[in-house]
Amino acid sequence: MLYFRYADSAGLRLRLLSAWRGLTLRLEPRPLRDLTTAFDLGFADLPVLVDANDRCWTGDVESLPELDARINTAPPPPALAAEWPAFVAWRAELEPLRQRLLAPILPLYPEISADPEDFDWYRQECERRFGQGPEALANDRYGAYQQLERLGRLRQLSRILAQRKFYLGDASLIDIVLTADFHALRFLDGVTVPIDLLYYFQRVASLCGLSLDSGLEADRYTHQAT
């Protein structure tokens, strides 16, 4: 059972990983301001995946190798053990910028924007975390994306992914995290995300058999990679 919100990257990590490994989840999308479900399970917030042994998983990046080992019988690619710590450190360096960039995008999800009270709550959370509401953060997207692109070397990364197809050549947890965490950059209005990166996101989604557009309002965005 997965209790989650569509707009949350951690929930998408869990959905992509489970789909990739052929694990069928019972999905329980929860409202934006639902804290009771998480508290009842012993956590501060969602997502929470409750497995067949009643163990709970939150989708934190650091816990994904252990979760993968529990649901997958095949050994991971040999290169993953060497690459994983460096990837996690690279991602952590980008995390503040990533969250700032995604904040004005997430109202694309009706679970945030459909109810005026939910959206007001979300705006207040943005102001608390970033010092600005989603509208002001959207106006700052060009500079923030340039920082992310430079710090994360996204253009170099996109060229590597075009050559290898997946980060290590073979699909791995790194591909799950990269796609879950960064695919929504394609919704940044007026920002040019490397096309090879967009194709990569779709390649990973196709491998998992899961749409990256789940939970979105179809008439509020244009899919940039076809």
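User: Why is Arg-5 counted as buried?

Analyst: Arg-5 has 9% relative accessibility, and buried means under 20% relative accessible area, with exposed over 50% and partly exposed in between (1.4 Å probe, protein chains only); therefore Arg-5 counts as buried. The model is predicted: local features need pLDDT of at least 70, side-chain atom pairs count only at pLDDT 80 or more, and totals for chains, interfaces and linings use all residues. Residues are numbered from 1 along each chain as its sequence is written, and side-chain values use heavy atoms, leaving out hydrogens and water.

User: Where is Arg-5 found, and what does Arg-5 touch?

Analyst: Arg-5 lies in the loop between β1 (2-4) and α1; helices (H or I, at least four residues) and strands (E, at least two) are DSSP runs numbered from the N terminus. Not counting residues up to four places away in sequence, Arg-5 touches Arg-30, Pro-31, Leu-32, Asp-34, Asp-45, Leu-46 and Glu-111, where contact means heavy atoms within 4.5 Å.

User: What makes helix α10 (residues 173-182) mostly covered?

Analyst: In α10, 10 of its 10 residues are buried. Among them are Asp-175, Thr-179 and Asp-181. The buried residues pack against α1 (9-20), α3 (64-71), α4, α8 (141-152), α9 (154-164) and α11 (195-208).

User: Which residues have the most contacts inside the largest nonpolar core?

Analyst: They are Trp-84, Tyr-145, Leu-148, Leu-178 and Leu-185, in a core of 67 residues. Helix α4 (residues 78-102) gives the largest share, nine residues. Such a core is a set of buried Ala, Val, Leu, Ile, Met, Phe, Trp, Tyr and Cys residues joined through side-chain atoms within 4.5 Å. A second, separate core of five residues includes Tyr-3, Ala-38, Leu-46 and Val-50.
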